[in-house]
Amino acid sequence: MSAVLVVHGGAWAIPDELAKASVDGVKTAACEGFSVLKRGGSAVDAVEVAVRALEDNTVFDAGHGAVLNKDGEVELDAIIMDGRTLATGAVSSVKNIANPVSLARAVMEKTSHVMLTSQGANLFAESIGISTVPTETLVTEYERREWEKHKNYNTGVIEDFNTQWAHDTVGAVALDSAGNVACATSTGGIRNKMVGRVGDSSIIGCGGYADNFSGAVSCTGHGESILKVTLARLILSKIEQGKSVTEASQMSLQHMGDRVKGAGGAIVVSPSGHWAATFTTERMAWAAVEQDVLWYGLDPGERLKEQLPQ
Amino acid sequence: MFGFTRYYLSDTSCQMTDLLPVVVVHGGAGIIPKERLQLSISGVCAAVRTGYAILKGGGSSMDAVVETVIQLENNPAFNAGCGSVLNVKGEVEMDAIVMDGKTLASGAVSAVRNIANPIQLARLVMDKTSHACLTAEGANQFARSMGIEEVPQESLITEYSRMRWRKNLAPDANPVESQMGKAGTVGAVAVDLEGNVACATSTGGMLNKMEGRVGDTPIIGSGGYADNQSGAVSTTGHGETIMKITLARLILFHMEQGRSVEDASDLGLACMQSRLGGLGGVVTVDPQGHWAARFSSKQMSWAAAQRDIMHYGLYTGEHFTQSIN
């Protein structure tokens, strides 16, 4: 079985000034994740390493670089899932954790639960020696300025979703040499979100899903729309019905656009090693590694290739 | 192995439209203690009447499932609202979800405290915010902003739930096993006269759960799902297992592939049992008004109302009927 790893850095209207940094970020994360697979590591290990690299990169809205909620605080969501056992761990609305994906993994491995939220997730983090970091270390100057600029806009409860604000989500999917698939997704959510808002990222079947029988998916885009169609699970159900990874992703994103007017993106890997990176937003930074070839792109239809050193 | 409920209508020929409206409720899958059987059955039967009256009066399936679940939350016999189980610290944290099959709009709250009717709050998240899920203190902040009164925690705790909490603190207790002994989670699905489907599910969660534990109930596709193009499902049982197979969505995928409500429900529950060893139960409707109440656990209290007849049961294979008028 030849190993594959795919990452995304969020599907949204990525402005030109962030374009290069986004592409560089996903390429680096994909290579880091793939090096785990190359050493014989598991798919779960690989997606965690790849997502940690993206969380540590301030270009992306996850971990360092997260957006601020209405109260100017950082609340993070993450999920990780092991396709071999369907074991899953997730955290929602956890405060000030540098690598929420690793906390999600601890929920999977060290508790009998699948998901911990808010203060309870922070208490668990503390109990296993993961300490919180000050908000200032997670929030960039750029984000603080954007937040200040936007915070007066919506005082009402119902806001319009503006894709420009959706500095979105990171994720990874992998297939290891033993044939196991896994996914991981992590996010700071959407800027100016209500306190306690949980988007799709931490929700099983929406932000991600992994099953050795069908494949692994990580999603990004307008969270509430992804939730409504349970996008990750929808893509895998189409694969179960015999569609290719590309067809399944395109059909499902199309359905999300038609039915609930939402745009987004997804990365998918199948147990046979087929993979796809698909989106209906203006852009999505993505990168994939298979057999020492690095693929990547940002604009629709873009698919660039680099040979990695053996 | 599975709960066996037969359509009362299967031996009566009728037009499809005769099947509308319909509402089906559950009061949780598991092993219900003997002394609570009667409370559980009378609770689901009373709730289903409420929902059915709303539907007959031309009300929407959303109104029907919410009012039905409010009644079950207010009933201390069930693990939702008043009567919720306690977390490891002896506190009440509740989860709930509603979903409208017409628009796929959905609202959920997780780990919310001091709210008498979390299902009502979930509906407000759907109706009044641009979000689909609010959690913990944020959900409570939103409740305050909507003018929903917070209630003292004691008003949600029964002697019974406190007793079970104490018992499960014993070093040899197994909360996962005793979870299957709960009179669990409540939920409802309905189809209104216009053919719109909706679901609602509410719970106090799992006995002696960690603080902040979120189970399947508020998770779209796991605790419930509703889509006019396929149907609506509300689930109950071991939450972590239900999440891992996204049970509600799985059943509806089977229905999209042409399976009946009954077959699809059984296939979903069978997958959960064979793949992960998990037990649970579901209530399912399709937009035409076919319904099923199925479970792999020993018991599930359930009731349905259709064509002025009430159906109800508790054990596998049990199916009683009674005129509603």
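In chain A, Arg191(A) is located in the loop that links strand 6 (181-187) to strand 7 (208-211); helices (H or I, at least four residues) and strands (E, at least two) are DSSP runs numbered from the N terminus. The model is predicted, so local features need pLDDT of at least 70 and side-chain atom pairs count only at pLDDT 80 or more, while totals for chains, interfaces and linings use all residues. Residues are numbered from 1 along each chain as its sequence is written, chains are lettered from A and ligands numbered from 1 in the order in which they are written, and side-chain values use heavy atoms, without hydrogens and water.

Arg191(A) has a relative accessibility of 4% and therefore counts as buried (under 20% relative accessible area; exposed is over 50% and partly exposed in between, with a 1.4 Å probe and protein chains only). Its C-alpha atom is separated by 5.2 Å from that of Val67(A), 124 residues apart along the chain.

Also in chain A, helix 3 (residues 100-110) and helix 4 (residues 118-127) cross at roughly 80°, and their axes come within 11 Å. Axes are lines fitted to C-alpha atoms, for helices over the stretch in contact, and angles run from 0 to 180 degrees between N-to-C directions. Helix 3 of chain A is therefore roughly perpendicular to helix 4 of chain A (65 to 115 degrees; under 35 counts as roughly parallel, over 145 as roughly antiparallel and the rest as oblique). Leu103(A), Ala106(A), Val107(A) and Lys110(A) of helix 3 make the contact with Ala121(A), Phe124(A) and Ala125(A) of helix 4, contact being heavy atoms within 4.5 Å.

In chain B, the axes of helix 1 (residues 37-56) and helix 2 (residues 61-74) are 8 Å apart, at an angle of about 155°. These two helices of chain B are therefore roughly antiparallel.

The largest nonpolar core has 93 residues, of which Val24(B) and Val285(B) touch the most other members. A nonpolar core is a set of buried Ala, Val, Leu, Ile, Met, Phe, Trp, Tyr and Cys residues joined through side-chain atoms within 4.5 Å. Helix 8 (residues 247-256) of chain B gives the most to this core, with 7 residues. Another core, of 60 residues, lies apart from it and includes Leu68(A) and Ile80(A).

The buried residues of helix 9 of chain B, among them Val261(B) and Met272(B), pack against helix 7 (239-244), helix 8, strand 10 (280-285) and strand 11 (291-295) of chain B. Just after helix 9, Gly277(B) takes a positive phi of about 70°.
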